[in-house]
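Here is a briefing on one protein chain. Look over the sequence and the fold before reading on.

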Amino acid sequence: MVNYMLLNTCQAGLFSTALIGFNVVYYPTIQPSQQNQQCSETSSVLSSPPKTSDVAINLLWFTSLTLTLISASIGILVKQWIDEYKSIAWGGPRHRLRVRQYRREGFEQWRVSTIMHWQSPLLQLGLLLFVVGLLIFLWKLSHVVAILPTIFFILWWSFWFTSMLLPSAFSNC
């Protein structure tokens, strides 16, 4: 379980790094341009508001970045808790057993396993939001370019939703 969690943390970190590249390049689309600001100062012409699609793309990508950073943070936090849990307490066997039991009860009381299980859904939700933003961006850019990624996205998420629903219908799945 710890290796899986560490893998998710690394994936969240890499995904966040890729997202930052998109966000940095695209966020200026929701800011008024310098040319429009200069015109409005001299001739009282108001700059036009950002396009709805630009706002949507930025909203999706920044939310995606936030979710993946939260996912990475959860992984780091839980890894620290597990390292502390696994650290060897000093003293005799009876004392070490008491410390281990105390830490185990703390894990259960603070629901560390529940917190651990939030990492993957947050990362997947972040990925979903990023891809939706990417598709909006591609459709805005070129319908020809957007067709194939949209088809692959639909196929992937159909498989994903099916694989999530099958275990509830079939016990051997």
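Which residues does Phe15 touch, not counting residues up to four places away in sequence? They are Ser64, Thr68, Leu123, Gly126, Leu127 and Phe130, where contact means heavy atoms within 4.5 Å.

This is a predicted model, in which local features need pLDDT of at least 70, side-chain atom pairs count only at pLDDT 80 or more, and totals for chains, interfaces and linings use all residues. Residues are numbered from 1 along each chain as its sequence is written, and side-chain values use heavy atoms, with hydrogens and water left out.

**Overall fold**

- The protein chain has 7 helices and 0 strands. Helices (H or I, at least four residues) and strands (E, at least two) are DSSP runs, numbered from the N terminus.
- Read from the N terminus, the elements run α-α-α-α-α-α-α.
- The chain holds 173 residues, and 27% of them count as buried. Buried means under 20% relative accessible area, exposed over 50%, and partly exposed in between (1.4 Å probe, protein chains only).
- Take the contacts between residues at least 6 apart in sequence: 78% join residues at least 24 apart.
- Accessible areas come from the Shrake-Rupley method with a 1.4 Å probe; for residues, only the protein chains shown count as cover.

**Nonpolar cores**

- The largest nonpolar core has 15 residues. Such a core is a set of buried Ala, Val, Leu, Ile, Met, Phe, Trp, Tyr and Cys residues joined through side-chain atoms within 4.5 Å.
- Phe15, Leu19, Trp61, Phe130, Val131 and Phe153 touch the most other members of this largest core.
- Helices α1 (2-26), α3 (52-86), α6 (119-141) and α7 (143-169) each supply at least two residues of this core.
- A second, separate core has 9 residues, including Leu67, Ile74, Ile82 and Val112.

- Ser64 lies in helix α3. Ser64 counts as buried because its relative accessible area is 0%.
- Setting aside neighbours within four places in sequence, Ser64 contacts Phe15, Leu19, Gly126, Leu127, Leu129 and Phe130.
- Leu59 is also found in helix α3. At 55% relative accessibility, Leu59 counts as exposed.
- Leu59 and Asn23 are 36 residues apart along the chain, and their C-alpha atoms are separated by 9.8 Å.

**Aromatic rings**

- The whole structure contains 12 aromatic pairs. Rings of Phe, Tyr and Trp (its six-membered ring) pair if their centres lie within 6.5 Å.
- One aromatic cluster is formed by Phe22, Tyr26, Trp61, Phe130 and Phe137.

**Surface patch**

- Trp139, Ile147, Leu148, Ile151, Phe152 and Leu155 form a nonpolar patch on the surface. Together they have about 590 Å² of accessible area.
- Patches are made of residues with over 30% relative accessible area and no salt bridge: like charges are joined within 9 Å, nonpolar side chains (Val, Leu, Ile, Met, Phe, Trp, Tyr) within 5 Å.
- Helix α7 gives the most to the patch, with 5 residues.
- Leu155 is found in α7. Leu155 counts as exposed because its relative accessible area is 53%.

**Salt bridges**

- Side chains of opposite charge can pair when their charged atoms come close.
- A search of the whole structure finds 4 salt bridges. A salt bridge is a side-chain nitrogen of Lys or Arg within 4 Å of a carboxyl oxygen of Asp or Glu.
- Lys140 bridges to Asp54, with the closest N and O atoms 2.1 Å apart. This pair links distant parts of the chain: Lys140 is in helix α6, Asp54 is in helix α3, and they are 86 residues apart.
- Lys140 is partly exposed at 37% relative accessibility, whereas Asp54 is buried at 6%.
- Lys79 bridges to Asp83, with the closest N and O atoms 2.7 Å apart. Lys79 and Asp83 are separated by about one helical turn because they are 4 residues apart in helix α3.
- Lys79 is partly exposed at 27% relative accessibility. Asp83 is partly exposed, with a relative accessible area of 40%.
- Arg103 and Glu84 meet in a salt bridge through their side chains (3.5 Å, N to O). The pair links distant parts of the chain: Arg103 is in helix α4 (residues 93-109), Glu84 is in helix α3, and they are 19 residues apart.
- Glu84 counts as partly exposed, at 48% relative accessibility.

Definitions and conventions. Rings of Phe, Tyr and Trp (its six-membered ring) pair if their centres lie within 6.5 Å; planes under 30 degrees apart count as stacked, over 60 as edge-to-face and the rest as tilted.
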